[in-house]
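Dear colleague,

Please find below the structure that I am handing over to you. My findings follow directly after it.

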Amino acid sequence: MAETALAAIPEPLRSLVRGTAIVVEEAPDDEILAEMGLESPWELTGLYRGVPLTQKSVGDVPSAPDTILLFREPILLEWIETGEDLFRLVRNVLIHEIGHHFGLSDEDIERLEREE
């Protein structure tokens with residue numbers, strides 16, 4: 001579903017993240033929760049790992065590939081609690097995390113989530 005959802009995001013955004021790994025994990029681990037200042041793994045549906053383009057320099061040597069983590073259990077819990085379409089929810093989590101990669105504002109991310 002993550003691959004299909006990635007294919008369904010707006011093309012301008014999708015073409016800019018080619019080569020970014022998308023990894024689905026069950027839930028965020030304790031290290032991620034501590035890093036994000038969260039107490040519950042249910043609070044985090046996705047996470048962008050890497051250096052946002054707004055902070056990258058041509059001289060930077062990449063230490064690891066950019067990665068978007070999707071957390072299956074928190075996504076499913078949000079789906080159950082909100083009744084939102086699961087595919088749309090996964091797509092919006094991807095758009096949100098990709099938006100972080102580009103340093104987009106929350107307003108810009110919300111606009112992209114509304115696009116079909």
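Threonine 45 touches Leu69, Leu70, Phe71, Pro74, Ile75, Glu78 and Val93, leaving out residues up to four places away in sequence. Please note that this is a predicted model. Threonine 45 sits in the loop between α3 (30-36) and β2 (46-49). Its relative accessible area is 16%, and the residue therefore counts as buried, the cut-off being under 20%.

Thr45 also belongs to the lining of the second largest pocket, together with Glu43, Leu44, Gly46, Glu78, Glu84, Leu89, Asn92, Val93, His96, Glu97 and Glu113. This pocket holds about 180 Å³ of space. With 5 residues, α5 gives the most to its lining. Sorted by class, the lining of the second largest pocket consists of 5 charged, 4 polar and 3 nonpolar residues.

I turn next to the nonpolar cores. The largest has 19 residues, of which Leu13, Ile68, Leu70, Ile75, Val90, Ile95 and Ile98 touch the most other members. At least two residues of this core come from each of α1 (2-7), β3 (67-71), α5 (86-101) and α6 (106-114). The largest share, 7 residues, is supplied by α5. Leucine 13 is in contact with Ile95, Ile98, Phe102 and Leu112, its neighbours within four places in sequence being left aside. Another core, of 5 residues, lies apart from the largest one and includes Ile32, Leu47, Leu69 and Phe71.

In short, Leu70 and Ile75 are among the residues that touch the most other members of the largest core, and threonine 45 touches both Leu70 and Ile75.

With kind regards

Technical notes: Residues are numbered from 1 along each chain as its sequence is written. This is a predicted model: local features need pLDDT of at least 70, side-chain atom pairs count only at pLDDT 80 or more; totals for chains, interfaces and linings use all residues. Side-chain values use heavy atoms; hydrogens and water are left out. A nonpolar core is a set of buried Ala, Val, Leu, Ile, Met, Phe, Trp, Tyr and Cys residues joined through side-chain atoms within 4.5 Å. Buried means under 20% relative accessible area, exposed over 50%, partly exposed in between (1.4 Å probe, protein chains only). Helices (H or I, at least four residues) and strands (E, at least two) are DSSP runs, numbered from the N terminus. Contact means heavy atoms within 4.5 Å. On a 1 Å grid over the protein atoms alone, a cavity is a set of points where a 1.4 Å probe fits but cannot get out, and a pocket is an open set with protein on both sides within 12 Å along at least five of seven lines; lining residues have an atom within 4 Å of a point. Grid points are joined across faces, edges and corners, and a volume is the space filled by probe spheres set on the points. Ala, Val, Leu, Ile, Met, Phe, Trp, Tyr, Cys and Pro count as nonpolar, Asp, Glu, Lys and Arg as charged, and the others, Gly among them, as polar.
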